[in-house]
Amino acid sequence: MSIDTQLKQFKDAFNAELANVSNAETLEVVRVKYLGRKSAFQDILRNLKDMNDEERREAGQAANAVKEAMQAAIESKEAELERCRYDHLATDERVDISLPGFAWPKGHLHMTTRAIRDIQRIFERLGFTRVRYPEVEWEHYAFDVLRMGTNHPARDNWETYFIDAPVHEKFGRMILTPHTTNGDVREMERGELPIRTMNINKTYRRQSDVSHVPMFHQFEGLLVDRDVSVTHLKGLFEHFAKEFFGPDREIRLRPHHFRFTEPSFEIDVSCGLCAGEGCRMCKQGWLELGGAGMLHPDVLRAGGVDPDEYTALAFGWGVERTASMRSGINIADIRVMYKNDIRFLEQF
Ligand code: DAH
């Protein structure tokens with residue numbers, strides 16, 4: 001076969017393959033196959049050595065022309081492919097910058113945090129200041145000064161967590177505070193009177209069921225002044241209930257017993273679901289909010305306050321419970337509040 005024929009066949013085969021190329025990868029495969037070092041083109045060139053000078057020059061020129069033509073064809077294919085890339089973008093994937101943007105999902109504060117802020121604000125407007133007292137506490141402040149001595153049975157109600165730490169000779173064992181009343185004597189010990197404080201904090205009890213989580217929050221109000229009485233207590237709660245739950249909610253005080261208050265009360269708020277009629281949510285129209293009372297004179301003395309000159313009211317209860325008693329909220333199992341399930345969280 002003449003070298004011309006060989007070259008022609010080679011070029012035809014190249015053209016046929018090139019026509020089918022539709023992307024840069026196959027183009028490179030074709031380039032290597034026809035123009036690479038191991039290409040059949042090299043075999044054709046090898047025949048040149050058997051020719052005389054005249055033939056070799058002509059065949060060499062013909063071979064060069066074919067090679068240059070193939071190189072040019074590959075370059076123009078390359079340019080074509082590049083153009084297609086942008087053509088494609090210009091039709092299907094072009095960004096229309098006039099379209100409205102995506103709205104990214106927005107989070108919100110946890111219902112406990114919102115309740116804490118609301119409670120804090122309501123009492124701040126009445127002149128209370130938010131304070132914080134330790135979560136890791138001594139038995140002394142959480143129990144002893146509140147008239148719950150070491151062997152007092154009332155202590156059992158608090159299901160306390162004890163810290164594995166040396167016992168302090170005056171303050172006793174170290175604990176996770178089971179209530180925010182631990183701050184009352186600490187606050188009085190600071191020696192500045194009168195007092196109007198809110199201690200809002202994490203509290204801990206060894207309990208876990210539909211209405212208890214081991215870590216929860218309480219808020220404790222403390223008002224120490226001359227002539228503080230139960231009427232102030234009642235006024236405060238009436239104000240609080242209407243601000244927090246809504247203007248049509250009512251409160252009532254029920255006599256109760258706490259070691260550190262005398263008299264002691266439990267405060268109920270009228271049910272938001274049945275408006276006092278009685279329903280599945282409430283007991284005969286009322287929901288239990290929390291405890292309150294006038295601090296016992298011994299507690300005042302423990303804080304260095306003279307009970308003949310000053311009286312004090314205190315109240316404290318759970319934030320989670322209070323938050324879940326807002327109208328329209330009915331949480332079957334309080335533990336879901338801390339399971340971090342977005343389906344629950346985004347509802348509140
Ligand atoms: N500390 C009590 C508890 O955790 C609640 C309580 C009752 C707080 C009466 C008070 C109070 O300040 O006066 O159950």
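Which atom of the ligand is 2.9 Å from an N or O atom in the side chain of Gln218? I found that it is an oxygen atom of the ligand.

Before going further I note that this is a predicted model, in which local features need pLDDT of at least 70 and side-chain atom pairs count only at pLDDT 80 or more, while totals for chains, interfaces and linings use all residues. Residues are numbered from 1 along each chain as its sequence is written, and side-chain values use heavy atoms, with hydrogens and water left out.

**Entry: the ligand**

A polar side-chain atom of Arg205 lies 2.7 Å from an oxygen atom of the ligand, and an N or O atom in the side chain of His179 is 2.9 Å from a ligand nitrogen. I read these as polar contacts, that is, pairs of N or O atoms within 3.5 Å; within protein, one atom must be able to donate a hydrogen and the other to accept it, and residues adjacent in sequence count only if both atoms are side-chain atoms. Taken alone the ligand exposes 350 Å², and the protein buries 93% of that (Shrake-Rupley areas with a 1.4 Å probe; for residues, only the protein chains shown count as cover).

**Entry: the nonpolar cores**

A nonpolar core is here a set of buried Ala, Val, Leu, Ile, Met, Phe, Trp, Tyr and Cys residues joined through side-chain atoms within 4.5 Å, and buried means under 20% relative accessible area, exposed over 50%, partly exposed in between (1.4 Å probe, protein chains only). The largest core has 43 residues, and those with the most contacts inside it are Ile119, Phe123, Phe219, Phe240 and Phe315. Among the elements that each supply at least two of its residues are α5 (111-124), β6 (215-225) and β10 (311-318), but the largest share, 7 residues, comes from α8. Another core, of 25 residues, lies apart from it and includes Val145, Trp158, Phe258 and Val305.

For Phe315 I checked contacts (heavy atoms within 4.5 Å), leaving aside neighbours within four places in sequence, and found among them Phe123, Met198, Phe219, Glu220 and Ala292.

Why do I call α7 (residues 182-189) largely enclosed by the rest of the structure? I do so because 6 of its 8 residues are buried, including Asn182, Asp184 and Glu187. The helix is followed by Gly191, whose phi is positive, near 85°. In the loop between α7 and β5 sits Pro194, and the peptide bond from Leu193 to Pro194 is cis, with omega near -5°.

**Entry: other backbone values**

Most residues other than glycine have a negative phi, and most peptide bonds are trans, so I kept a list of departures. The peptide bond from Glu262 to Pro263 is cis, with omega near -5°, and Pro263 is found in strand β8. Phi of Glu159 is positive, near 45°, and Glu159 counts as partly exposed at 26% relative accessibility. Phi of Asp227 is near 60°, likewise positive; this residue lies in the loop between β6 and α8 and counts as exposed at 67%.

How values were computed. Helix = DSSP H or I, 4+ residues; strand = E, 2+ residues; numbered from the N terminus.
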